[in-house]
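Please look at the sequence and the structure shown here before reading on. The briefing that follows begins with a pair of facing residues and then widens out, topic by topic.

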Amino acid sequence: MAASLAALTLAGTAPALDFLEQIEVETFAEMREVERYQLKVAEKHYTKGEYRIAMDEYDKFLTLYEKSPGAPYAQLMWGHCQARLRFVNTAIRDGFQSVIDYWPDSTEAVHASYLIAKSYDNIGQAEKAEAAYLRTVNDYSTHHIATLAKVDLLHLAKVKKDEKKQMLLLADLTYDTERTEANRGHVVNATRELATRHVYAGEYGEAIRALETSYKDGELVKVYNDIAGRAISHFLREEKTEAKGVELSDSVIGMVGTLIPDVLDDEAKRAAARDAYYRIAGLYGTTARPAKVLETYEKMITILGEDDGLLGTLAKFHRGRKHYDKARSVYRRFKNKVAGLLAIAETFVEEERYDEAIAVYAGLEDQVLGNGKIAKLYQDIGRYDEAIATYKTLIEIDRDNIDSHRWQIGVCYESSDRLHNAIDAYSRVDDFPRNFLQMASCHRRLEEYSRALALYNQCKVYEPRAPEVFMLIAKTYEEAGQRENAIRAYQLTCKNYPKTKEASQAHSHLQSKYDINVTLGGAKEE
Amino acid sequence: MLWCDWSAWYLLPTWCHWLGFTGGLAGAAYWLHWPRGCDRTLYRGILGACVLPLWGFLTFAAFTLGWYRLGKVFTAAGLAATFVIGLCWAVWYVERRSRHYESATKGDAGEGVATRRWNPLDLAAWYYGSRRKRLDQSGLTFLSYSLCFLLALFLAGQISGCREIYESPFGGGKPKKIQQIVKIQQVIKRKFIINPYSAVVFNPPPIHDIKLQILEVTDNKYRVGYGDDPGAGFATGTNRGKVRFIRLEYDGGDWDQDLERNADLNMLLQYGIRTKHRVADRNETRKISQLANFPPRKSPPFVYITGQRDLNIGKGEQKVLREYLTEKHGLLFADNGGSGGWGGQFLELMRRVLPTVEAKPIPLDHPIHRIPYEIPFLPYVAPHGGKDAIGWTVEGRLVAYYHPGDIGDAWADGHAGVSRKIAEYCYQTGTNVMFYAHAEYDKWLRSLEQQEQ
């Protein structure tokens, strides 16, 4: 009963808490109800980001229930609170180290050992962090935390550009670290990284040996293909390594070829063959052999039969080479006719044959989709009157998205400098404060500053965008030539919203444009 | 020489500069009066030469008095005037020589065989051709003079000074928090003594019922510093040593932001008041390359850099900065003066200067935020690049401290309109950074001394 309760409690808070911030289910089960309640209170504040209150609550727990099995956890969380409040040295000294000193056999002591190292790392004390990570690895070599420490040691070695240490750590993680469910992700990443380094160094056998520790058979070939693909691109960049790239590519193609089953009698085998063919085509593409790519696609279609995915890839290959007619002929073979027509229209747009594209869109059965595409295309190519007419048609036939179409009409009017019409269109949209801000922007372009200011002043009530609105008010005053009011508005931005990026911009602007140092901002006590 | 010392060598004290430049000005005035009635050309020459001491005095005075913008105007105007005066003299000389050769050629006409002439002062030089000779000669004169002027300017810009020395003030103290103490002052109120034998009967106030007025007085009861020697300072300092505030100059942006508003000077003075260390009379500026002029054990423990526009620092300067931070044990105090862009450029610069060190937020309980003042939160004027101070640590020591929120604005006159509390915290943060840099420098020097012993 107690264990399930603990699991429930943990389930409720788990998403907000990191692995190193969670209490063990067994420990939670051993605790008394009052103790659990006190921990839950503290945890509630912690997850809300109220670290000072949470810290006091954990402190209270330690005072009241010093002998509780949850005490090391409370001490650890007290340390976490200190770290979150940016008192990292205090967290190390009085929080994490205390867990190790007072409860050396607890699970929390293991976490604390790692957290000490991590905290040093977080404040840039690389030497202390390295020593602490090594201590963790030595003290808890079989624990998952040792893997985390090794991964962080690897990061430190990368920062210091210590190649030798990096290779040692990668080899340790790949060959010497026992694989568990918890550390699998880290170890596999290290394996891939080691294999990548071997491939770049031309040690292909070593790379495969490293990958064999984590992958088997077909999976191994695929991962090797992924790693080698990047290396091939790298080799092909320079003339002297080009041959090396092509050679590697051919060897990988040979390996991938073994993944194609001889008999394709079920869906799994067909999927495996498809994946292998795609990989082979990709490798041919990387080594700039388009004839081979085309040959591979055609072979795929012959063996696996036509489907939209395969045809789409083939058509994309033609489009990439600007063979639009060939691409269109492939798209016409699509089973999904709508998708095929949309793709054909896109090829016309790429060729700037807009009328033909529009004709294809107009031929679509779904009028909302067709008109939507037509309107968007007209808008993109600057034929605003036709776009507006199409959006008006859409308003009639697609009542669900009426606000979106009205907005687009406003955008078309604005883009074609018919600002009064644009204001009218935006005013019909039910989307405060976005529409008011856009209307005000049009009024500013029309030099109707008082109207713009009236609209902005209404938008100020919308708290999330208030700093931005204050800045816009200031800019409007500036455009209107009302220097004093502009300065005042910039200063108000700094004063009212000192922590925002708008305060930063207003402050800089006051200094650079008006040579005013008194901006009235400043941090607030936190 | 005086000019070189003031701008690059820094060997003479300020009063010597004042004396020298004022003397130069007086000399120029005397010189202007002396040759009246003499040759007009000589007088004009003197007039032209007098521009130099005047230019020197005005520029020196403007910069020394903290009028940096005016100083820049004088610098540019003086440069332009020097160029124009020099050009006039060059034209005069070429014209004179040209006439001389012309008259000589006329005298020789028909006497000898025509030879190819190379002298550019001679209008008959072959490369001037047969048409527009004078125009070609003028063009050549202008071009040659401009090139010479630019070359001279370039060479003058290369003067980076010889050797410069920075010394901390001698003394001692402990690196610990400033404590507040309360002094209780007994204030005896004026009271009436009633004659108890008087016929009038009433309740007299008890004689010892004296109300105490408690005045809270904050006093810095201890010496801030590092070492066991008397007075506030540092054990490896010298009696003539002073804490100085050096700002770095760089190309591309507004390195001199808030300099005219006395940001650096205010901070320096506040540091002196708060720590009782001897401080310099004025703040200073140096080019990054000039940091190389400081010898390893006598270099500034910290330098300050700020701005909000472009930060163009070349590879040579990056090398000097790297050497200063790692080998000379310095600290770079950077302050984002007004844009995320500057912050990004600074972080990129540090990636190039210290490629094997990661930038990390500095915790609030780091000694730099605790000694001598405990900073409860990072104060800023505007959050131009986050709300955390960022640091680069090498061998356990902070070598660079980046403040994201224009702390220099709060030090400047007017304090950017921030509350008094925030301005005070900004001064405290500045004091802490300066003290940290000096204390770490002192520790390093002492460890070197111990190693040598």
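In this predicted model, B:Tyr304 stands opposite B:Phe333 in strand S6 of chain B. Helices (H or I, at least four residues) and strands (E, at least two) are DSSP runs, numbered from the N terminus. Residues are numbered from 1 along each chain as its sequence is written, and chains are lettered from A, with ligands numbered from 1, in the order in which they are written. Because this is a predicted model, local features need pLDDT of at least 70 and side-chain atom pairs count only at pLDDT 80 or more, while totals for chains, interfaces and linings use all residues, and side-chain values use heavy atoms, with hydrogens and water left out.

**Strands S5 and S6 of chain B**

- Strand S5 (residues 302-307) of chain B is joined by six bridges to strand S6 (residues 331-336) of chain B, and the two run parallel; two strands pair if DSSP finds at least two bridges between them.
- Between S5(B) and S6(B) the chain passes through helix H8 (residues 315-327) of chain B, and this β-α-β crossover is right-handed (with the strands pointing away from the viewer, the path from the first strand over the helix to the second runs clockwise).
- A further facing pair is formed by B:Ile305, which stands opposite B:Ala334 in S6(B).

**Burial of the strands**

- S5(B) is mostly covered, with six of its six residues buried (under 20% relative accessible area, where exposed is over 50% and partly exposed lies in between, with a 1.4 Å probe and protein chains only).
- On one side of S5(B) lie B:Phe302, B:Tyr304 and B:Thr306, on the other B:Val303, B:Ile305 and B:Gly307, and all are buried.
- Six of the six residues of S6(B) are buried, so S6(B) is largely enclosed by the rest of the structure.

**The other neighbour of S6**

- S6(B) is also joined by four bridges to strand S9 (residues 397-403) of chain B, and these strands run parallel.
- In this pairing, B:Phe333 stands opposite B:Tyr401 in S9(B).

**Helices of chain A**

- A:Gly95 is found in helix H6 (residues 88-102) of chain A, and A:Gly95 is buried, with a relative accessible area of 0%.
- A:Gly95 and A:Ala83 are 12 residues apart in sequence, and their C-alpha atoms are 9.2 Å apart in space.
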